[in-house]
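Hello,

Here is the structure we talked about handing over. Please look it over, then read the notes below.

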Amino acid sequence: MADYKALEDLVVQVRRDILRQVHKVNSGHPGGSLGCTEFFVALYNELMERNENFTMDGIGEDLFFLSNGHISPVFYSVLARAGYFPVEELNTFRLLNSRLQGHPTTHEGLPGVRVASGSLGQGISVSIGAALTKKLNKDKHLVYTLCGDGELQEGQNWEAIMYAAGNNVDNLIVTVDLNGQQIDGATKNVLPLGNLKAKFEAFGWDVMDIEKGNDLKAIIAGMKKAKEKTGNGKPVCVLLHTVMGNGVDFMMHTHDWHGKAPNDQQLETALSQNPVTLGDY
Amino acid sequence: MKKYTDTGKKDTRSGFGDGLTELGKKNKDVVALCADLTGSLKMDEFKDNHPERFFQVGIAEANMIGIAAGMTIGGKIPFTGTFANFSTGRVYDQIRQSVAYSGKNVKICASHAGLTLGEDGATHQILEDIGLMKMLPGMTVINTCDYNQTKAATIAIADYEGPVYLRFGRPKVANFTPADQNFQIGKAVQLQEGNDVTIIATGHLVWEALQAAETLNENGISTDVINIHTIKPLDDEAILKSVKRTGCVVTAEEHNFLGGLGESVARLLSTNHPAPQEFIATQDTFGESGTPEQLMDKYGLNASAIVNAVKKVIARK
């Protein structure tokens, strides 16, 4: 049974980390990061089987790939707080000579990152490759991927989605952050995604929804269900219904905070809604 | 002059296919991916021998590059196969982010490069791929000259850790390098030694350079011929050593003069040992339909064009 109090505390602390990272350098992507905080916390602390020491090859453990690399603030915070690198290093987010580049990369050797992402639409393909290698290595562990909903407008995704189903890549769980927002506005106004569930199903995926995508219990229960669906010949897709900017009232339900940092006053308000739990870096 | 003999025309892509077959037997980590061109890339034998290590991705090159990048995680050595055009321009951002920037051990193997693809025309004849690939930090760029060298290079790159672009072609061409050659990435091959001019060639133009050197020698022009199979990293030492002796250079490649081997040589010389240079390359143009021979003749990529360029460059000394 998960220790929900501890996980909730971590969620609040990660939100603070996200806000403080982007505020310090007046750049970065808080909206999508906040919307996926509960998912990341659940994934790294409750769902994935992870080895203690990071290796690029990740033999004998579950792997995670972030396709929508711009939500690096949440990725970095959760990685640091899971012990991949010192939490103090969050102070270097987006600074010159930092391992915490604007978008995640392997180039500076940051533990926890296995491929560069940021240019959208490439994560599912990379994840399929890692999943195929796991099969060749007779490694029963899973590959998890997160991608944005707007990101699915990139055509490469659909090549990958077709491939994974056609080749029974069933050790793969792709979660779509369904927040309905992208830079220029609501996805339904920019380029409607249509019925994503029907689309994934038509391609041959096993698809499920997690309606409460910002609720730890719902995420953990849903993802455990998704895990049970693996190994049955089909790749698994989870449509995670999230609220962009979750946990900070003025950042919620809008695309305004996709790639904008809060000013001093806004930071103070946002942090006051998320009081310190584990301690700031 | 050293004598080089064509042991029988063969296509460089078959060198790739046979090299891959050999690799399949000796290295269990080698996997192959193809985007619906298995026959054209001569990957059938590998596929038949190791169906579990062969991945048909369909007509979806972007996905193929991404999958290849992912397959390296866990220790596989992916070889991707499609035409040069679809191996580079079509998937440039996928190679840039998921392979090169991510430092993944992917071997991008590209057939049907250049004009000699022939009748299919400009949509399929890429003349910009060397430039695209050499501009990527960390990318090794190789353009082999014949069947034997392509086979040797295919086998050699599996032992090198890092992204590689291996470029070869479609038509049957002279096979003249040794079957048992020790292919060393980044190491130029000195084919002829001479004092009046250096010809630096890559790919299909290497044989043409040797033919040109014979003609030039008959006319009393002592010609140095260097086979640059690795355009990046460039063998600076071999090139400088030769040009310091000869004082002028002709570069020859089946590629646009912008971005190709010639520009790499020009950069090296201008910063170390300025010397007159002539470029045998296409002149910022697309290709067109025709037989390989017709096209190489029309676009000035053959032995007689090299001879003319040598005369011109010697006059500029």
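**Notes on the model**

A:Asn26 sits in the loop between α1 and α2 (30-35) of chain A. Bear in mind that this is a predicted model. Phi of A:Asn26 is near 50°, a positive value in a residue other than glycine. With a relative accessible area of 58%, A:Asn26 is exposed.

A:Asn168 also deserves a look. Its phi is near 55°, again positive in a residue other than glycine. A:Asn168 belongs to the loop between α6 (155-166) and β3 (172-178) of chain A. Its relative accessibility is 42%, so A:Asn168 counts as partly exposed. For context, most residues other than glycine have a negative phi, and most peptide bonds are trans.

On the peptide side, there is a cis bond in chain B. It joins B:Lys232 and B:Pro233, with omega about 0°. B:Pro233 is in the loop between β12 (230-232) and α9 (236-246) of chain B. B:Pro233 is also a contact of B:Gly186, as are B:His229, B:Thr230 and B:Asp235, leaving aside neighbours within four places in sequence. B:Gly186 itself is in the loop between β8 (172-173) and β9 (189-192) of chain B. From B:Gly186 to B:Thr140 is 46 residues in sequence, and 8.7 Å in space, C-alpha to C-alpha.

Next, the packing. The largest nonpolar core has 74 residues. The members that touch the most others are A:Ile128, A:Phe200, A:Trp205, B:Leu33, B:Ile95, B:Ile228 and B:Ile239. Helix α3 (residues 61-71) of chain B gives the largest share, seven residues. Domain 1 (10-173) and domain 2 (189-315) of chain B both contribute, so this core lies between them. Another core, of 58 residues, lies apart from it; among its members are A:Phe64, A:Phe75, A:Met208 and A:Ala270.

What does A:Trp205 contact, leaving aside its neighbours within four places in sequence? The list includes A:Ile161, A:Ala164, A:Leu172, A:Phe200, A:Lys234, A:Pro235 and A:Cys237.

Last, a helix pair in chain A. Helix α1 (residues 4-25) and helix α3 (residues 37-47) of chain A pack at about 125°, with axes 9 Å apart. That angle makes α1(A) oblique to α3(A). The crossing is right-handed. From α1(A), the residues that meet α3(A) are A:Leu7, A:Leu10, A:Val11, A:Val14, A:Arg15 and A:Ile18. Their partners in α3(A) are A:Thr37, A:Glu38, A:Val41, A:Asn45 and A:Glu46.

Best wishes

Terms used: Residues numbered from 1 in each chain as written. Chains lettered and ligands numbered in written order. Predicted model: local features only at pLDDT ≥ 70, side-chain atom pairs only at ≥ 80, totals over all residues. Heavy atoms only, no water. Core = buried A, V, L, I, M, F, W, Y, C linked by side-chain atoms within 4.5 Å. Buried < 20%, exposed > 50% of the residue type's maximum accessible area, 1.4 Å probe, protein only. Helix = DSSP H or I, 4+ residues; strand = E, 2+ residues; numbered from the N terminus. Domains from an automatic or database assignment. Contact = heavy atoms within 4.5 Å. Axes fitted to C-alpha atoms, helices over the stretch in contact; angles between N-to-C directions. Parallel < 35°, antiparallel > 145°, perpendicular 65-115°, else oblique. Left-handed = near helix turned anticlockwise from the far one by under 90°.
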